[in-house]
Amino acid sequence: MSKQKLLERVTSPNHMYSYCRVVGCPNSASAGTTEGLNHLYCRKHEDHYERHGSYTKRSYTASEINPYRKIALGWLKANTDNITVKLAIKGVEALYRNAGIRIEAFRLRGLSPQERAKVAWARLREAKVDPIAPLAVMLAVELVTLDDPQPERKQHFKWVQAAKLIHRMSSGSHKRWERVGYDGKVKVEELHKYPRSRGRVLVHIGQQLDKVAELAVASFIHDNKQ
(Lines give C-alpha, C1' and ligand atoms only; values in the text may rest on other atoms or scores of the structure.)
Protein backbone atom coordinates (compact mmCIF):
# COMPACT_ATOMS: atom_id res chain seq x y z
CA MET A 1 0.00 0.00 0.00
CA SER A 2 1.37 3.44 -0.96
CA LYS A 3 2.02 6.07 1.72
CA GLN A 4 -0.70 8.25 0.19
CA LYS A 5 -3.33 5.49 0.36
CA LEU A 6 -2.29 4.59 3.89
CA LEU A 7 -2.61 8.23 4.93
CA GLU A 8 -6.06 8.41 3.33
CA ARG A 9 -7.21 5.30 5.24
CA VAL A 10 -5.95 6.65 8.56
CA THR A 11 -7.47 10.09 8.07
CA SER A 12 -10.80 8.69 6.79
CA PRO A 13 -12.28 6.74 9.72
CA ASN A 14 -14.60 3.84 8.96
CA HIS A 15 -17.56 4.11 11.32
CA MET A 16 -18.40 0.42 10.88
CA TYR A 17 -15.76 -0.12 13.56
CA SER A 18 -17.40 1.94 16.25
CA TYR A 19 -16.34 0.07 19.39
CA CYS A 20 -13.31 -1.63 20.92
CA ARG A 21 -13.63 -5.39 21.46
CA VAL A 22 -12.32 -5.23 25.04
CA VAL A 23 -15.31 -5.73 27.33
CA GLY A 24 -16.26 -2.50 29.06
CA CYS A 25 -14.07 -0.25 26.91
CA PRO A 26 -16.05 2.80 25.72
CA ASN A 27 -13.60 3.71 22.96
CA SER A 28 -13.92 3.11 19.24
CA ALA A 29 -11.62 0.71 17.40
CA SER A 30 -8.82 2.80 15.90
CA ALA A 31 -10.11 2.13 12.36
CA GLY A 32 -13.24 4.01 13.39
CA THR A 33 -11.17 7.07 14.27
CA THR A 34 -8.27 8.97 12.74
CA GLU A 35 -5.78 7.23 15.06
CA GLY A 36 -5.09 3.96 13.25
CA LEU A 37 -6.26 0.99 11.18
CA ASN A 38 -7.10 -1.64 13.80
CA HIS A 39 -10.64 -2.98 13.23
CA LEU A 40 -10.92 -4.61 16.65
CA TYR A 41 -9.17 -2.51 19.28
CA CYS A 42 -8.86 1.13 20.28
CA ARG A 43 -5.63 3.12 20.37
CA LYS A 44 -5.32 2.67 24.15
CA HIS A 45 -5.44 -1.13 23.91
CA GLU A 46 -3.16 -1.15 20.86
CA ASP A 47 -0.58 0.69 22.97
CA HIS A 48 -1.09 -1.84 25.76
CA TYR A 49 -0.44 -4.65 23.27
CA GLU A 50 2.77 -3.00 22.08
CA ARG A 51 4.08 -2.70 25.64
CA HIS A 52 2.85 -5.96 27.18
CA GLY A 53 2.09 -8.42 24.36
CA SER A 54 -1.60 -8.61 25.28
CA TYR A 55 -4.50 -6.25 24.73
CA THR A 56 -5.69 -6.69 28.31
CA LYS A 57 -3.17 -8.46 30.53
CA ARG A 58 -0.32 -6.45 32.05
CA SER A 59 3.27 -7.63 32.23
CA TYR A 60 4.45 -9.62 35.22
CA THR A 61 6.22 -7.53 37.84
CA ALA A 62 9.72 -8.30 39.09
CA SER A 63 8.34 -9.53 42.42
CA GLU A 64 5.99 -11.89 40.58
CA ILE A 65 8.53 -13.44 38.25
CA ASN A 66 11.80 -13.36 40.23
CA PRO A 67 10.96 -16.44 42.36
CA TYR A 68 10.44 -18.39 39.13
CA ARG A 69 13.73 -17.11 37.74
CA LYS A 70 15.50 -18.48 40.80
CA ILE A 71 13.83 -21.86 40.32
CA ALA A 72 14.74 -21.87 36.62
CA LEU A 73 18.33 -20.82 37.26
CA GLY A 74 18.75 -23.53 39.89
CA TRP A 75 17.36 -26.16 37.54
CA LEU A 76 19.63 -25.09 34.67
CA LYS A 77 22.74 -25.18 36.86
CA ALA A 78 21.78 -28.60 38.21
CA ASN A 79 21.18 -29.95 34.70
CA THR A 80 24.16 -28.72 32.71
CA ASP A 81 24.72 -32.31 31.52
CA ASN A 82 21.19 -32.49 30.11
CA ILE A 83 21.42 -32.50 26.32
CA THR A 84 18.51 -30.05 26.01
CA VAL A 85 20.29 -27.58 28.30
CA LYS A 86 23.57 -28.00 26.41
CA LEU A 87 21.83 -27.30 23.10
CA ALA A 88 20.02 -24.28 24.56
CA ILE A 89 23.26 -22.80 25.87
CA LYS A 90 24.89 -23.28 22.46
CA GLY A 91 21.85 -21.59 20.92
CA VAL A 92 22.21 -18.49 23.11
CA GLU A 93 25.95 -18.43 22.41
CA ALA A 94 25.11 -18.42 18.68
CA LEU A 95 22.75 -15.47 19.22
CA TYR A 96 25.58 -13.64 20.96
CA ARG A 97 28.08 -14.57 18.25
CA ASN A 98 25.84 -13.54 15.34
CA ALA A 99 24.63 -10.28 16.88
CA GLY A 100 27.28 -8.11 15.27
CA ILE A 101 28.86 -5.09 16.88
CA ARG A 102 27.48 -3.40 19.98
CA ILE A 103 25.63 -0.19 19.15
CA GLU A 104 24.97 2.49 21.75
CA ALA A 105 21.34 2.94 22.75
CA PHE A 106 21.31 6.57 21.56
CA ARG A 107 22.27 5.43 18.03
CA LEU A 108 19.40 3.04 17.42
CA ARG A 109 17.18 5.48 15.53
CA GLY A 110 16.48 4.22 12.02
CA LEU A 111 17.30 0.59 12.75
CA SER A 112 14.71 -2.09 11.96
CA PRO A 113 13.19 -4.22 14.76
CA GLN A 114 15.35 -7.16 13.58
CA GLU A 115 18.50 -5.04 13.82
CA ARG A 116 17.52 -3.75 17.27
CA ALA A 117 16.99 -7.33 18.44
CA LYS A 118 20.55 -8.15 17.40
CA VAL A 119 21.80 -5.13 19.31
CA ALA A 120 20.14 -6.47 22.48
CA TRP A 121 22.04 -9.76 22.15
CA ALA A 122 25.26 -7.86 21.40
CA ARG A 123 24.85 -5.85 24.62
CA LEU A 124 24.46 -9.08 26.62
CA ARG A 125 27.53 -10.54 24.94
CA GLU A 126 29.66 -7.47 25.61
CA ALA A 127 28.47 -7.44 29.23
CA LYS A 128 29.60 -11.09 29.45
CA VAL A 129 26.18 -12.23 30.63
CA ASP A 130 26.17 -16.00 31.21
CA PRO A 131 24.01 -17.65 28.49
CA ILE A 132 22.18 -19.48 31.28
CA ALA A 133 20.67 -16.17 32.45
CA PRO A 134 18.54 -15.52 29.32
CA LEU A 135 17.48 -19.18 29.33
CA ALA A 136 16.30 -18.82 32.93
CA VAL A 137 14.11 -15.94 31.76
CA MET A 138 12.31 -18.07 29.17
CA LEU A 139 11.84 -20.94 31.62
CA ALA A 140 10.54 -18.57 34.28
CA VAL A 141 7.95 -17.08 31.92
CA GLU A 142 6.64 -20.55 31.10
CA LEU A 143 6.42 -21.52 34.78
CA VAL A 144 4.76 -18.31 35.97
CA THR A 145 2.19 -18.72 33.19
CA LEU A 146 1.37 -22.23 34.40
CA ASP A 147 0.85 -20.95 37.95
CA ASP A 148 -1.17 -17.90 36.89
CA PRO A 149 -4.88 -18.33 37.76
CA GLN A 150 -5.79 -16.02 34.85
CA PRO A 151 -3.02 -16.64 32.32
CA GLU A 152 -2.49 -15.27 28.85
CA ARG A 153 -1.33 -18.44 27.08
CA LYS A 154 -0.66 -16.98 23.63
CA GLN A 155 2.96 -17.43 22.66
CA HIS A 156 3.15 -13.80 21.59
CA PHE A 157 2.59 -12.71 25.20
CA LYS A 158 5.31 -15.08 26.45
CA TRP A 159 7.75 -13.78 23.83
CA VAL A 160 7.16 -10.19 24.89
CA GLN A 161 7.42 -11.02 28.60
CA ALA A 162 10.76 -12.77 28.11
CA ALA A 163 12.07 -10.01 25.83
CA LYS A 164 11.21 -7.27 28.32
CA LEU A 165 13.38 -9.03 30.89
CA ILE A 166 16.18 -9.44 28.34
CA HIS A 167 16.00 -5.69 27.68
CA ARG A 168 16.43 -4.99 31.38
CA MET A 169 19.39 -7.36 31.57
CA SER A 170 21.13 -5.69 28.64
CA SER A 171 20.60 -2.26 30.20
CA GLY A 172 21.35 0.81 28.11
CA SER A 173 24.15 3.21 27.25
CA HIS A 174 25.79 5.46 29.82
CA LYS A 175 28.19 8.33 29.18
CA ARG A 176 30.00 10.45 31.74
CA TRP A 177 32.25 13.41 31.06
CA GLU A 178 33.66 16.49 32.72
CA ARG A 179 33.62 20.08 31.53
CA VAL A 180 34.72 23.40 32.92
CA GLY A 181 31.85 25.78 33.61
CA TYR A 182 31.80 29.55 33.20
CA ASP A 183 32.70 29.83 36.87
CA GLY A 184 35.88 27.82 36.30
CA LYS A 185 34.62 24.83 38.25
CA VAL A 186 34.72 21.32 36.81
CA LYS A 187 31.26 19.90 36.34
CA VAL A 188 30.35 16.29 35.72
CA GLU A 189 27.63 15.57 33.17
CA GLU A 190 25.99 12.23 32.48
CA LEU A 191 23.87 10.80 29.69
CA HIS A 192 21.75 7.69 30.25
CA LYS A 193 19.77 6.19 27.39
CA TYR A 194 17.67 3.03 27.47
CA PRO A 195 16.17 1.32 24.39
CA ARG A 196 12.39 1.42 24.14
CA SER A 197 10.94 -1.80 25.51
CA ARG A 198 7.96 -2.22 23.22
CA GLY A 199 6.88 -3.20 19.73
CA ARG A 200 8.17 -5.68 17.18
CA VAL A 201 11.71 -5.73 18.57
CA LEU A 202 10.37 -7.55 21.65
CA VAL A 203 8.68 -10.15 19.46
CA HIS A 204 11.93 -10.82 17.57
CA ILE A 205 13.95 -11.21 20.77
CA GLY A 206 11.30 -13.47 22.32
CA GLN A 207 10.99 -15.64 19.21
CA GLN A 208 14.74 -16.09 18.96
CA LEU A 209 15.07 -17.05 22.62
CA ASP A 210 12.06 -19.37 22.46
CA LYS A 211 13.51 -21.17 19.43
CA VAL A 212 16.81 -22.02 21.12
CA ALA A 213 15.20 -22.78 24.51
CA GLU A 214 12.24 -24.85 23.29
CA LEU A 215 13.56 -28.31 24.21
CA ALA A 216 15.01 -27.14 27.53
CA VAL A 217 11.66 -25.52 28.39
CA ALA A 218 9.83 -28.80 27.73
CA SER A 219 12.30 -30.69 29.93
CA PHE A 220 12.06 -28.07 32.68
CA ILE A 221 8.26 -28.06 32.72
CA HIS A 222 8.21 -31.87 32.76
CA ASP A 223 10.51 -31.96 35.81
CA ASN A 224 8.53 -29.28 37.64
CA LYS A 225 5.24 -31.09 37.14
CA GLN A 226 6.53 -34.18 38.95
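The axes of helices H4 and H8 come within 8 Å and cross at roughly 170°. Axes here are lines fitted to C-alpha atoms, for helices over the stretch in contact, with angles running from 0 to 180 degrees between N-to-C directions. H4 and H8 are therefore roughly antiparallel to each other, a label for angles over 145 degrees. This is a predicted model: local features need pLDDT of at least 70, side-chain atom pairs count only at pLDDT 80 or more, and totals for chains, interfaces and linings use all residues. Residues are numbered from 1 along each chain as its sequence is written, and side-chain values use heavy atoms, with hydrogens and water left out.

**The H4 and H8 pairing**
- On the H4 side, the contact includes Thr-84, Val-85, Leu-87 and Ala-88. Contact means heavy atoms within 4.5 Å.
- Partners in H8 include Gln-208, Leu-209, Val-212 and Ala-213.
- The residues of this contact divide into ten nonpolar, four polar and no charged. Ala, Val, Leu, Ile, Met, Phe, Trp, Tyr, Cys and Pro count as nonpolar, Asp, Glu, Lys and Arg as charged, and the others, Gly among them, as polar.

**Overall build**
- The protein has eight helices and two strands. These are DSSP runs, numbered from the N terminus: helices are H or I with at least four residues, strands E with at least two.
- From the N terminus on, the order is α-α-α-α-α-α-α-β-β-α.
- Of the 226 residues, 43% are buried. Buried means under 20% relative accessible area (1.4 Å probe, protein chains only).

**The nonpolar cores**
- The largest nonpolar core has 46 residues. Such a core is a set of buried Ala, Val, Leu, Ile, Met, Phe, Trp, Tyr and Cys residues joined through side-chain atoms within 4.5 Å.
- Leu-76, Trp-121, Leu-135, Ile-205 and Leu-209 touch the most other members.
- H3, H4, H5, H6, H7 and H8 each supply at least two residues of this core.
- A second, separate core of six residues includes Cys-20, Val-22, Cys-25 and Tyr-55.
- Leaving aside neighbours within four places in sequence, Leu-135 is in contact with Leu-76, Ala-88, Ile-89, Val-92, Leu-209 and Ala-213.

**Lys-57**
- Lys-57 sits in the loop between H2 and H3.
- Lys-57 is buried, because its relative accessible area is 19%.
- A polar atom of the Lys-57 side chain lies 3.1 Å from the backbone oxygen of Gln-150.
- Beyond neighbours within four places in sequence, contacts of Lys-57 include His-48, His-52, Asp-148 and Phe-157.

Conventions. Buried < 20%, exposed > 50% of the residue type's maximum accessible area, 1.4 Å probe, protein only. Polar contact = N/O pair within 3.5 Å; in protein donor to acceptor, adjacent residues only side chain to side chain. Parallel < 35°, antiparallel > 145°, perpendicular 65-115°, else oblique.
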